[in-house]
Amino acid sequence: MACLSPSQLKKFQEDGFLLLEGFFTADECVTMQQRIGEIVAGMDVPLHCRTEFSTQEDEQLQTQGKTDYFLSSGDKIRFFFEKGVFDEKGNFLVPPEKSINKIGHALHAHDPVFRSITHSPKQPHVGGEVSPHQDATFLYTEPLGRVLGLWIAMEDATLENGCLWFIPGSHTHGVSRRMIRAPSDSGPGTSFLGSDPAWASDLFVPLPVRRGGLVLIHGEVVHKSEQNLSGHSRQAYTVHLMEAAGTVWSPGNWLQPTPELPFPPLYS
Ligand code: FE2
């Protein structure tokens with residue numbers, strides 16, 4: 001953040017998001033994409049773990065919250081899929097490399113290419129629909145400290161292939177919903193405290209980003225991505241930074257650090 005100009009910082013504070021064009025080179029994006037291609041080519045997902053990723057509350061409760069595959073993915077490299085890519089037996093209906101919504105959540109720790117980009121919890125998105133949400137619904141400290149998302153466009157993100165959309169200024173309204181992990185002795189599962197308002201679709205503005213662009217996302221700004229029905233993928237690499245000073249990582253978060261893989265500090 002030290003490199004932001006006063007006008008950039010002001011814009012981020014007003015809008016809750018900021019685009020920094022050309023933050024990464026095309027070569028860096030190609031390196032990340034090639035590595036994702038290798039990881040997907042070597043993907044081995046047990047049939048019972050072919051879980052579709054969604055932020056829709058009901059579907060989360062059904063497909064993620066009850067699935068240990070998701071809740072224990074914080075220190076592993078695991079795969080989450082788009083809707084409708086499996087038949088009822090869990091067989092792929094589309095080429096596997098076109099089926100992925102997200103790879104998470106510890107590529108930053110286990111893969112040298114992504115470890116070199118950053119060292120923080122991350123979610124590489126391959127490019128699918130993400131319904132309207134605030135990141136602080138899913139990742140939060142006690143008391144709620146600042147949450148910053150870094151969204152790196154590994155490919156051009158356009159109106160056609162599912163770029164980000166934001167409600168400018170919505171980060172000033174607070175967090176309306178919080179995902180809560182069930183106590184470990186009651187088995188895996190999650191629920192929600194509070195509920196999101198019906199955010200009007202005409203409040204969202206699109207943010208097309210050229211390859212190499214970096215989007216800073218305030219943890220409480222409302223944002224989404226549309227389903228990508230185009231013939232072009234929209235790969236992005238996302239990382240979340242949490243304010244640690246004066247806060248503790250909430251035990252209610254679905255994602256928990258492990259003794260083997262604690263969250264790496266940005267400053268040490
Ligand atoms: Fe998000």
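Me: Which protein donors does the iron ion have, and at what distance do they lie from it?

Reply: Please keep in mind that this is a predicted model. The iron ion has the donors H133 (NE2), D135 (OD) and H223 (NE2), which lie 2.2 Å from it. Along the sequence, these donor residues follow the spacing H-x1-D-x87-H. Two of them bring together distant parts of the chain: H133 belongs to strand β5 and H223 to strand β13, 90 residues apart.

Me: Is H133 buried or exposed? And what holds for H223?

Reply: A residue counts as buried when its relative accessible area is under 20%. H133 is buried because its relative accessibility is 7%. H223, with a relative accessible area of 4%, is buried as well.

Me: In what order do the four strands of the open sheet stand?

Reply: The order is β5-β13-β8-β11, and the pairing is antiparallel. The edges are held by β5 (130-133) and β11 (205-207); each has a single partner strand, so one side of each is left without a neighbour in the sheet. From one strand to the next, the twist averages 25°.

Me: How many bridges join strand β8 and strand β13?

Reply: Strand β8 (residues 164-166) pairs with strand β13 (residues 223-225) over three bridges, in the antiparallel sense. Within this pair, L164 is found opposite S225 of β13.

Me: How should I read a nonpolar core, and which residues have the most contacts inside the largest one?

Reply: In soluble globular proteins, nonpolar side chains tend to be buried together. Here the largest nonpolar core has 42 residues, and F79, F81, L216 and W254 are those with the most contacts inside it. Helix α2 (residues 26-41) gives the most to this core, contributing five residues. Another core lies apart from it, with 13 residues, including F17, W151, L164 and A236.

Me: Which residues does W254 touch?

Reply: Leaving aside residues up to four places away in sequence, W254 touches F70, L71, S73, H105, F138, L139, M179, R181 and T190.

Me: How many disulfides are found in the whole structure?

Reply: A disulfide is a covalent bond between the sulfur atoms of two cysteines. A search of the whole structure finds zero disulfides. The cysteines may still be read by their accessibility: C3 is exposed, with a relative accessible area of 60%, whereas C29 is buried, with a relative accessible area of 0%.

How values were computed
Residues numbered from 1 in each chain as written. Predicted model: local features only at pLDDT ≥ 70, side-chain atom pairs only at ≥ 80, totals over all residues. Heavy atoms only, no water. Pairing = 2+ DSSP bridges. Helix = DSSP H or I, 4+ residues; strand = E, 2+ residues; numbered from the N terminus. Axes fitted to C-alpha atoms, helices over the stretch in contact; angles between N-to-C directions. Donors = N, O, S within 2.8 Å, 3.2 Å for Na, K, Ca; no water. Buried < 20%, exposed > 50% of the residue type's maximum accessible area, 1.4 Å probe, protein only. Core = buried A, V, L, I, M, F, W, Y, C linked by side-chain atoms within 4.5 Å. Contact = heavy atoms within 4.5 Å. Disulfide = S-S within 2.5 Å.
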